[in-house]
Every structure is written in structure tokens, then in C-alpha cells.
Amino acid sequence: MACRNKLKRAALQKPATASSMVADDYARKFESGNYMKALHSPIFRSIKPQCFTPTSTFTSSSDSSVSNFNVTNEISVLINSVHPIGPALRKLVPFLNREIVVSILKSQAELKKDPRICFRFFIWASGKRQLRSGDLYKLMVDLLSCSDDENSFDLYWSVVDELRDAKVSISTNAFVVLILGYWRLRKAEKAVETFGRIKDYGCKPNLAACNVILNVLVKRGAILLALAVYNMMLKSNYRIRCDTFSVLIDGLCKSGMTKDALHLFDEMTERGISPSVITYTVIISGLCKAKRTQDAHNLFITMKNSGCKPDSATYNALLDGLCKHGQIDEAFFLFKSFRDDGYNVGIRGFSCMIDGFIRAKRMSEAEKLFQKVFNVGLVPDLILYSIMIRGLCESRQVIDAMNMFRDMIGKGIVPDTQCYNILIKGFCDVGLLEEAQSLKLEISQQDQFPNTCTYTILICGLCRNGLLGEAQQIFNDMEKLGCSPSVVTFNALIDGLCKAGKLDEAHLMLYKMEIGKNPSLFLRLSQSADPVLDSASLHKMVDSLVDSGLILKAYKLLMQLADSGVVPNIITYNTLINGMCRAGQVNRALKLFEQLLMKGHFPDSITYSTLIEGLQRVGREGDAYKIFEQMTENGCKPCSSVYKTLLSWSCRRRNTSIAFSLWLKYLSTLAGLEGEALKSTEELFQKGDLEKALRSLLEMESELVDFDSAPYSIWLVGLCQANRIEEALKTFSILEEFNVVVSAPGCVKLINALCARGNMNEAVDVFLYTMEKGHRLMPRVCNNLLQALFDSKNTAVVAFELVDKMKAVGYDLSSYLHRRTKSLLHDQYSARKMENVSAH
């Protein structure tokens, strides 16, 4: 009865506009007392059973589908005949459900009439929590993206424009589907523009809009812009969920910013948000790409222990990481554990493991595992065949590789250009150049095209075998076909010309690389509001663009101007290289570095230091050391910052012995230090006598005018990360004895390590040291220490003393202490007060 009265009241409301004729018809049936007629009309028969008591006789499940069909038709007529539709539909909300709304939108779309009607209805329905659903969003995005014509979106924009002009409230979900529609058509720039226009319509981006644009930005590699959106969400107090963190962590990992990804992961857990399987998988994959496979494996174990069950994607991410970093036995153990954990090993798992065996030069085991793929009923795909063909070629088994290639085609798998390139390189490596060139011609028969890599492989092979004329002919054919030579292509041909004694032609080829393609650009820029007239003005412009985040624009400008009369100096290149490295675009920075070398510029210590840091950040440690070696070979003396960069990363990867050797190598280049003394110190370290080695080194270094304490703090951090806590604590004591100030990060690492081991007294001593030296630690470290002390009655007194000392040195306890710490502080204070009362 209560529900019936509610429906009656809804029907008796006066219409908001004269256009809601259909809704009024149902209202009049109530007003005339003809309830039964109204309740048996199509709209009332569609009401979900939960609107009535279980014994209601007004509806039944037998006519549900018929009712929904009739309601769909009725509402379709209404939205096509009245405008605006909001007032007309308001009274009918109680009679609708998600299924009916989707059905209405679907039937309207099938009419293929005015698409604006669909969008108007979507905007209205998506503004009602009880009516919106995933199917509704998906259907609307399908409608938006059914045309590749960008102008088709103008119709949908006209709808939101008319609603704004009519001062009708617009659901932010309208912009969510517009962003998704643009993104599905791969129009990322339009999607970002749409997100920026939300505020122009009196709306605020909701969580869905933010998550969608974050996904777009991450997929496009604009991680810095994605982080800016995330910061905006924090400032606006959004209730951020696990999916938001997963997207951002994925973006950071793919940009080589693994450390930042881990910080975000920690922030997520600190907020009480439990990581999902996707989150764990993303961070494990990122750690592996950063060559931190042990950390990845530890996180994998943590994941399982926390009750979050890994899926096949998680296993494959860890498996791939172990294989690519040479930990084949560990990978194979994980591979075999798949079945024990209830998973069937898919083709991706087999591909990772086989690739690992090939990288480790264990071809026979790779072949056995490849055969097992067939035995378990799986069908190899193009990726797996390409891996096997590469393995056979690297083992110089090119005939077997060719047979497998033909067998693959016979099974209906079409090779791509990359697969052909693998085989072409295999034939070039063994000197079968005619077969290699035949394969190049065959590529086009598979509806593929030779690429820069194809031509470069052939040119290298021909030059290596003294066929310089043919190599030059292929180079010329390459240009005629519009395939731009790469630096490697030019280098291969120049190298061949030099070895053939044709130095003039080699110099001509180098000059050809330096020919500018846009000589008019300099003239245009030299007459702009901020003219670029020389190297200094160019440097200023590039610096400004990088500071503004316009790294790509700066890169293009530099490339276009390089041959237009303004010669960039080393400061200009350093500025751009630094911007690229910080943005995670290390490959682009390396390419620019190669070009500046080819232009005759001399990289300085800053250039090399920036590249080394950039490579280390993305986990390319080997390449970083190659740059370091190249630096010394080119006569550029490494400064202390270069060594400290290598030192820091060695310690982060727990290679403290390498770190120690690196710093000794640097000290040997300084005047005033005896070589024999350094050698003696290194011997002590190699024997494992860290204390004597450290004292010996400090005694030598303390006599230097420009004594640098940073390496010692770096070592301390490295020892903590390597879980060598006793040595770390001993190092701290020695440094304190020699009055060497330990940095705040070094103290934090040591405090955390000591707390983890339960060495609370030592942890407190280090914390007191930080206050004595004026270090202000982050809230997380202080709270962890205080909470650990409060958790035990024996150390609670010490915690109170620490709190008092923190207050005395200027810590803002009201904002610094976390809620749990304050609660423990209050509880312990109350307990002490009660004990004092009892004592009296």
C-alpha cells in the first residue's frame, strides 16, 4: 500500500512543461481513480518486483519481457516527440530500470535517425545512479565511435552546448563517453582537450572522468601530465581507488620510473587500499624491467602471503623478468610451479621460458621445451616461432631456421617484417648474402614491407664481406623507396668506405647526414617576437620549452635548426638531454648524444653524468657503464658527481663492493693521495675487514681540502639495502667518531632497518642523532619508530621522551603524528596516569 501511494503521488505531480504529454496521460489515469487500468499499462507492468511486496498481484514475471518491450517503445516515442526530455521523463523514473534504459538506447540507435536523441537520453539516464550501468556506457561509446569522421562529434557537442545554454544540468558522464569515444578512435589530443573543457560546462571532473583520462595519458606516454592530474585529484579530495593507482603505477613503470612507482605503491597501502592482482602484476613487471628481479620475487611472495592469488599474467611477468636477466634456473623453477598452483602454462609462459634458454645459450633445452608445446596441445604463434628462429640463427643453424620458417608458413602463420629480419640477419652472419637478399624480396609477397632495420642488416653484411658497391646500391634504393636511413645505417656504410680506403666518399656520406631539410626555418624564427639569432638565443628557447614541459617541441626545434645556420652548443644539447632523461625518454637522449658527436661537438662531464643517471633510472646499468667507459676513452675526465651516480646505483642494487672500488678509483685520480695507501685500503675491503678499510680511507680523505662525505652516506644506505645491518651500524659509529655527518636518507635507512630487526635502542640513538644534526625526517619514519616503541611497555617511556625532544627541536606534532600514533600516545598517557593514581 505504501508503494502504491508513492506511485500515486508521483503520478499526481503537475508536469514541469507542457511537452510531457505522455507522462501526463498516466497521471490522469490515477487522478480519475482508474488505478487498475494505469497499473496494467506498459509502463507500470515494467516496474521491478522489488517495488512491491512479494505478494503483489499487480505484476508477474511471466509478462516481464513483454512489459520491457512495450516500455521501450513508449519511451522511444516520448524522447523523439518532446524536447527537452528531462521534465517529461521525470515522473517515469520509478518505472524504469537499467535493462530498460539500455534497451531504449539500443532501439533508438537501430533507427539510425538523429544521433543527438541518443546522446540526450544518455545524458539524462547517466545522471540517475539507479539507471546507469556499464552496458549503457559501452553502448554510447560504440555509437560515438562508429564513424571515423572527427566532425561527427560536432553533433554530440551541439547537445551539451544546447543544454548549457538552456541552463540544464549536465552529467559529467557525458564527457566521460566523449573522452572514451575519441580515445577509441585514437584521437588522444581530442580526448585530453575534452577533459579540459569539462569545467566550461559548469561541471567538475568525476572519478570516472579522471580515471579515463589517466589511462589515455599513460597509454600515450604522457606520465608527467598523468601525475599532474593525480595531484589535482588529491587536492580535490577524490576518493581514489585501486584502479587509479594501478594505471599510474603502470605508467611510471613503463616510463622507467620504477622508484616513483614503488613510492606510489607504498602511498596506496598507507591509505588502506589493498592492491589488486593487476596492481601487483604491474609493479612486479616494472621491477623486472628495472632489473630488480629479487625485489619482484619478494613482492610476488608478499602477494601470495597476503591472500591475493596471482594469475597467469603475474606468473608470466615474473617469469619474463627472470629469463631476461639470466636467472634461468629460478625461472624454470617458477615455470614448473605453475601447475602446482593450479595454472595451465599458456603459450606466453612457454615463449618466455624458451627465450630465456636461448639468451643463456642453452639451445638444446629450448628445443625440448618447444617440442613440449605441441605435446601439451598448444599451438605456437608468430612470437614463439620468431624466438625459435632467432635462437637457431644465433647458433648458426640457419638451414634449420629456414626449415622452421617454411614449416611456420605451411601452418598458416604469416611472418611479419621483424621475423624476416631475424632470418636475414642469420644468413648475413654466416655469409649467405644471396639467400638474405632473396628473403628481402620475399617480404613484399606477404603484404609486408622492408624497413630501415632490413636494409641496415643487409648493408652491414655486404660491407663485412667487402661488397661495398652492392651495399651502396641498397642504400640508394632505400632512399628512393622513402625509407629513411638510421644512424646505424650511415655508420655501417661509412665504416665500409673507410675500411676500403675511400675516405673522401666516407666524408661525403658524413656530410650527407648533416644536410638540413628545412633551411627556411631559421629565417622564420630569426624574425619572431623572441628571435633566435645565435647559439645563446637557441639555448634560451630550448631551456624555456623544457621548463614548460614541451620536450617534444624542443626536440623537433633542435633537430630542425641543427643545420639551419644556428649551431647548438654543448649547453643546448645538455639542456635537452637532461629534459629527455628526466622524462624517461632515454633512447631519444642517446640518439641526440650520437648526433652531437657526429656534429663534432665534445660532450663534457655534465653530458655524460646526465646520460649515466638517465640510463640507471630505467634499469640499463650495462649501458650506463658503457657510457662511463666511453667518457674516459674520449678524454673527458669523470668528476665526482659521475662517480657518485654510479656509486649510488651500485648500492641500490646491493653491489657495495663495486661501489667501494669505484670511489677508490676516483680518489686515485686526485692529487695528495698515495697509491699504495689506496691499494692497501682496497685489500682490506676485499678481505672483508670493512672497519679497518673504512678507518684507513677516512684518515686519508680527512686531510683533503674538499673532503666529500656523500659517498659514506651512500655506502651506509647500500649496506642497509643489502641487509648488512651490523656492518651498517658499525659504519655509522665510525663516521660519527670521525665527525662525518651522515645524510638524512642514510639515517632513515638505518632506522628502518634497525626497527625491522627489533633493535629499538640503536634506532632511537640514530633518531636522536638526526635531531642533533638538524635533519627533519619524513612523518612516516617518525611514526613507524614511535608506534614500535609504544607497542611495548618497556619502551613506551622512551617514546614519550622522543616526543618531547621532537617538540623541542621544532617538529609540529599535531600535523606530523599519524592518527594511530596519537591514539597510542593517548592510551599510554592514560595508562600511566592510572598507574600514578593507583600508586597514591
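This is a predicted model: local features need pLDDT of at least 70, side-chain atom pairs count only at pLDDT 80 or more; totals for chains, interfaces and linings use all residues.
**Exercise 1. The surroundings of S713**

Determine in which helix S713 lies, whether it is buried or exposed, and which residues it meets.

Solution. Begin with the secondary structure, where S713 falls within helix α42, the run covering residues 710–721. Next take the accessibility: because its relative accessibility is 6% and the cut-off for buried is under 20%, S713 counts as buried. Then set aside the neighbours within four places in sequence, and the contacts of S713 that remain are V741, V742, S743 and G746.

**Exercise 2. The largest cavity**

Find how many cavities of 30 Å³ or more there are, and describe which residues line the largest cavity.

Solution. The count comes to 2 cavities of 30 Å³ or more, and the largest cavity holds about 70 Å³ of space. Its lining is made up of T656, F660, F685, L690, L694, W715, L719 and T731. Sorting these lining residues by type gives 6 nonpolar and 2 polar, with no charged residue. Assigning them to helices shows that α39 (656–667), α41 (690–701) and α42 each contribute at least two residues to the lining.

**Exercise 3. Helix α43 and its buried residues**

Compare the span of helix α43 with the expected one, and state which of its residues are buried and which helices they pack against.

Solution. Helix α43 takes in residues 725–737, which is 13 residues, and its first and last C-alpha atoms are 18 Å apart, close to the 18 Å expected at 1.5 Å a residue. Within α43 the buried residues are I725, A728, T731, F732, I734 and L735. To read such a list, recall that an α-helix has 3.6 residues a turn, so residues three or four places apart point the same way. The buried residues of α43 pack against α41, α42, α44 (744–757) and α45 (760–772). Just after α43 comes N739, which adopts a positive phi of about 60 degrees.

**Exercise 4. V398 and its contacts**

Locate V398, say whether it is buried or exposed, and identify its contacts beyond four places in sequence.

Solution. V398 belongs to helix α24, which spans residues 398–410. Its relative accessible area is 5%, so V398 is buried. With residues up to four places away left out, V398 touches L392, G426, F427, V430 and L432.

Key:
Residues are numbered from 1 along each chain as its sequence is written. Side-chain values use heavy atoms; hydrogens and water are left out. Buried means under 20% relative accessible area, exposed over 50%, partly exposed in between (1.4 Å probe, protein chains only). Contact means heavy atoms within 4.5 Å. On a 1 Å grid over the protein atoms alone, a cavity is a set of points where a 1.4 Å probe fits but cannot get out, and a pocket is an open set with protein on both sides within 12 Å along at least five of seven lines; lining residues have an atom within 4 Å of a point. Grid points are joined across faces, edges and corners, and a volume is the space filled by probe spheres set on the points. Ala, Val, Leu, Ile, Met, Phe, Trp, Tyr, Cys and Pro count as nonpolar, Asp, Glu, Lys and Arg as charged, and the others, Gly among them, as polar. The expected span of a helix is 1.5 Å times one less than its number of residues.
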